[in-house]
Amino acid sequence: MTDGAVTEVARVLVAADKFKGSLTAVQVAERVTAGLRRVVPELEVETLPVADGGDGTVAAAVAAGFERREVTVTGPVGEPVTAAFALRGTTAVVEMAEASGLQLLPPGEFAPLTATTYGSGELLRAALDAGATTIVFGVGGSATTDGGAGMLAALGARFLDAAGEPVGPGGAALAELASADLSGVDPRFADVDLVLASDVDNPLTGPKGCAAVYGPQKGASPEDVEILDAALGHYARILEESIGPKAAELAASPGAGGAGGIGYGALLIGASFRPGIELMLEVLGFAPALERATLVITGEGSLDEQTLHGKAPAGVAAAARAAGKEVVAVCGRLALPPETLGAAGIRRAYPLSDLEPDPAKSIPNAGPLLEQVSANIARDFLS
């Protein structure tokens with residue numbers, strides 16, 4: 001052993017998120033396992049792909065034993081798309097990115113003012129139809145900034161303009177909103193435990209709101225951001241006229257700004273907010289897997305400042321540290337110094353950029369490179 005970290009390792013737990021743009025969380029786990037076993041062929045490895053509520057959450061649930069269910073829903077720009085949710089017993093994991101995610105837009109195209117969450121509402125309804133009484137609603141990776149209005153409309157809410165016509169899709173159209181009526185929302189939500197799983201705690205509007213902070217990632221210009229923020233503020237005021245002061249309180253609540261404000265829509269129909277990775281670790285059965293492990297390997301595509309704010313590796317490391325387990329991380333690129341990693345509970349990180357500094361070469365070859373760095377982990381910690 002060269003690192004002196006682990007003297008006897010009976011089992012390694014690989015609990016990593018996806019490497020966005022190159023490897024799914026399941027593929028990451030497979031490659032890490034292969035790399036470790038190059039050096040220690042008989043090593044016991046348990047894999048538990050993880051996600052923080054954003055894109056990849058359903059895949060992580062399916063890898064943990066949930067059943068994958070597919071339905072056709074309305075995509076972010078109105079076209080039909082095939083979306084999946086995960087079901088185990090009466091618990092469903094629904095990922096808004098499956099119906100309303102950026103990855104569903106044509107390559108290089110954005111629709112910041114008009115993209116709708118209508119399909120996310122259809123996906124939630126499909127989970128209800130499947131018998132779910134607990135719904136983990138993972139939000140992130142959205143193409144949308146409509147405050148969840150599209151989702152609520154799909155569930156039975158009515159949003160009308162001054163002429164009594166339904167307002168158009170997307171956040172900008174909310175500027176024309178004259179009345180809102182949530183009384184028609186699917187009554188089954190009264191008996192469902194709906195949990196909003198998000199890695200962001202932004203409010204709906206303002207300088208830390210969803211339009212200002214995340215709108216530019218969805219193609220919004222500075223002018224678009226102003227239009228969207230004003231429209232969302234108007235939306236919240238109309239809702240306040242309809243349902244009372246609770247609408248304003250929820251707009252200012254942590255998580256309301258999740259995924260272009262779909263968090264706000266979920267809170268309006270009774271969702272509770274929890275940090276996405278914390279909730280997903282519970283749903284995926286992380287605690288018993290952690291108990292069986294001696295060394296934990298986590299990671300994601302980029303370990304950076306964002307990682308420390310509710311992303312999957314930080315959640316895994318915090319839980320592992322609390323259980324007294326050693327944690328190392330794999331990543332595509334590393335932008336955190338060793339002391340910051342240590343404070344987060346990560347003993348050491350192994351970036352692919354150490355082997356191939358050029359992202360144009362590293363990303364398409366992430367699998368083989370990940371096997372190489374995982375073999376290095378085995379040499380440092382297991383052999």
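Q: Which elements do the buried residues of helix 15 pack against?
A: The buried residues of helix 15 pack against helix 1 (25–39), strand 11 (295–303), strand 12 (326–334), strand 13 (348–351) and helix 14 (359–362). Contact here means heavy atoms within 4.5 Å. Helices (H or I, at least four residues) and strands (E, at least two) are DSSP runs, numbered from the N terminus. This is a predicted model, in which local features need pLDDT of at least 70 and side-chain atom pairs count only at pLDDT 80 or more, while totals for chains, interfaces and linings use all residues. Residues are numbered from 1 along each chain as its sequence is written, and side-chain values use heavy atoms, with hydrogens and water left out.

Q: How many residues of helix 15 are buried?
A: Helix 15 is mostly covered, with 12 of its 16 residues buried. Buried means under 20% relative accessible area, exposed over 50%, and partly exposed in between (1.4 Å probe, protein chains only). Among the buried residues are Leu369, Leu370, Val373, Ile377 and Phe381, and Glu371 and Asp380 are also buried.

Q: What span should helix 15 have, and what does the model give?
A: The 16 residues of helix 15 (residues 366–381) should span 22 Å at 1.5 Å a residue, and the end C-alpha atoms are 22 Å apart, which agrees. The expected span is 1.5 Å times one less than the number of residues.

Q: Asp380 is charged; what does its side chain meet?
A: The side chains of Asp380 and Arg348 meet in a salt bridge, at 3.1 Å from N to O. This pair links distant parts of the chain, since Arg348 is in strand 13 and Asp380 in helix 15, 32 residues apart. A salt bridge is a side-chain nitrogen of Lys or Arg within 4 Å of a carboxyl oxygen of Asp or Glu. Asp380 counts as buried at 15% relative accessibility, whereas Arg348 is partly exposed at 34%.

Q: How many salt bridges are there in the whole structure?
A: A search of the whole structure finds 18 salt bridges. One of them joins Arg11 and Glu44, with the closest N and O atoms 3.1 Å apart. Arg11 lies in the segment before strand 1 (12–14) and Glu44 in the loop between helix 1 and strand 2 (45–47), so the pair ties together parts that are 33 residues apart in sequence.

Q: Now Glu95: where is it, and what is the nearest side chain of opposite charge?
A: Glu95 is in strand 5 (residues 91–95). Glu95 is buried yet has no salt bridge, and the nearest side chain of opposite charge, Lys18, is 7.5 Å away. For charge, Lys and Arg count as positive and Asp and Glu as negative; His and the chain ends are not counted.

Q: What lies beside the Glu95 side chain, then?
A: A polar atom of the Glu95 side chain lies 2.8 Å from the backbone nitrogen of Val58. Leaving aside residues up to four places away in sequence, Glu95 touches residues including Gly54, Asp55, Leu123 and Gly138.

Q: Last topic: how many disulfides does the structure hold?
A: The structure holds zero disulfides (pairs of cysteine sulfur atoms within 2.5 Å). Cys210 is buried at 0% relative accessible area, and Cys331 is buried at 0% as well.

Terms used: Polar contact = N/O pair within 3.5 Å; in protein donor to acceptor, adjacent residues only side chain to side chain.
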